Amino acid sequence: MQPSNPQPLAAKHPAHAPGMPVVCVIGDGQLARMMHTEAIELGLSLRVLAGATDSAAAQVAADVVVGDYTSFADLNRAAAGAAVVTFDHEHVPTDHLHTLCESGVNVQPGPTALVHAQDKLVMRQKLSDIGAPVPQFAAINTVDDAENFWDRVKGQVCLKARRGGYDGKGVWFPQSKAELIDLCTTLFDAGTPLMAEQKVALRRELSAMVARRPSGEIQPWPVVESVQTNGVCTLAIAPAPGLDAKTQSEIQKLAALVATELQVTGALAVELFETSDELGRNRILVNELAMRPHNTGHWTQDGCVTSQFEQHLRAVMDWPLGSVAETAPVTVMANTLGADIDPAMPMPERMHQVWQKLPHAKIHLYGKPHRPGRKLGHVNVSGTDWDKTREEAEAAAHFIVHATWPDGYTDENIGG
């Protein structure tokens with residue numbers, strides 16, 4: 001299917017600066033919203049394919065195409081006239097993206113790369129093929145497959161939905177073979193494709209982000225420590241405390257290898273397990289991939305010369321990449337997740353209170369209504385000391401969420 005000649009559509013829309021490329025972002029969440037901020041500074045024009053006019057990105061973008069990212073017609077409509085199509089999530093059907101590419105649309109990252117972030121088994125197989133370190137894994141197509149894998153890894157099983165899982169969803173840790181069999185039976189009945197991997201003895205989680213241009217230039221950010229709570233990232237600490245220079249360099253080279261071998265363009269997050277082998281030696285394993293800006297890269301907005309959002313746009317446009325030099329010795333990002341009950345104190349007043357005590361805290365909100373556990377925003381704090389910077393970031397995020405300071409905090413030990 002050939003799109004109609006789209007350039008007049010882009011040119012007629014008053015949102016687009018004359019002579020500047022139009023970037024189409026598929027997705028309407030906070031990542032698209034924050035890409036829009038950087039697009040403004042770059043002089044780029046952004047069009048967003050949004051599911052609703054009040055979504056996080058649609059609130060701020062002037063050119064919004066309301067539609068369904070699973071509909072080829074809507075994708076084609078949004079892509080019309082754009083210099084490049086990119087994403088704030090990985091869930092767009094790759095068949096549609098292949099059709100767009102065949103009709104001449106510039107899609108970055110392309111569908112042959114994106115499939116590795118959509119299907120965990122495909123990702124594991126490709127990573128294994130290129131020599132990247134991964135846990136033991138297996139396709140689980142039958143209950144027998146599950147039982148055999150349980151025996152192979154002596155019960156250390158992590159069962160995963162191959163598609164769609166994120167933030168702790170679609171992941172199960174059965175405590176017995178009988179529980180594994182019941183889980184597989186239920187999930188097979190629901191039509192959920194499955195895989196399994198060996199549960200590892202986790203020391204901590206790390207994240208290595210890189211950006212890659214279609215022409216090949218790669219730029220890695222410092223490796224960060226990612227702190228998870230109930231499967232959801234709550235903190236990113238940059239750079240990762242206690243990570244020696246040799247290990248950091250090896251991890252950055254691993255992330256660059258993944259980006260190159262999988263032909264990823266734009267921002268890539270390589271989420272990692274830091275664990276140990278049978279002899280107690282430190283070992284790094286690849287956990288997940290995200291081919292877009294990522295939660296563990298939000299610290300770059302205030303702790304780096306070039307943020308992940310600007311770099312992603314520069315990369316998918318095949319423009320020279322920016323410096324990733326750190327602007328402070330330590331930056332900590334703390335997510336603000338909706339509390340069980342939304343406090344009565346209005347959000348602007350909570351922000352006011354945080355800045356009274358922590359004027360250097362950078363608050364980023366996503367324009368989303370409250371829902372328990374929902375990512376509503378994040379706080380970045382930069383400093384010189386890991387412990388103090390983390391304490392301040394967590395305190396600021398706590399107040400944004402609960403309208404109270406954490407236990408033990410007083411006027412004397414906040415800020416200063």
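These legends describe close-up views of a predicted model. Residues are numbered from 1 along each chain as its sequence is written, and side-chain values use heavy atoms, with hydrogens and water left out. Because the model is predicted, local features need pLDDT of at least 70 and side-chain atom pairs count only at pLDDT 80 or more, whereas totals for chains, interfaces and linings use all residues.

**View 1. The chain is divided into three parts, domain 1 (22–107), domain 2 (136–198) and domain 3 (202–410).** These bounds come from an automatic or database domain assignment. Taken over C-alpha atoms, the centres of domain 2 and domain 3 are separated by 29 Å.

View 2. The size of an interface is often given as the accessible area lost when the parts come together. Between domain 2 and domain 3 the buried area is about 320 Å², and carbon and sulfur atoms give 33% of this, where buried area is the accessible area (1.4 Å probe) that two parts lose on being put together, summed over both.

**View 3. Lys160 and Glu288 meet through their side chains in a salt bridge, with 2.9 Å from N to O.** A salt bridge is a side-chain nitrogen of Lys or Arg within 4 Å of a carboxyl oxygen of Asp or Glu, and the count between domain 2 and domain 3 is 1.

View 4. Cys101 is in no disulfide, and its nearest cysteine sulfur, that of Cys24, lies 13 Å away. For Cys158, also in no disulfide, the nearest cysteine sulfur is that of Cys184, at 12 Å.

Methods:
A disulfide is a pair of cysteine sulfur atoms within 2.5 Å.
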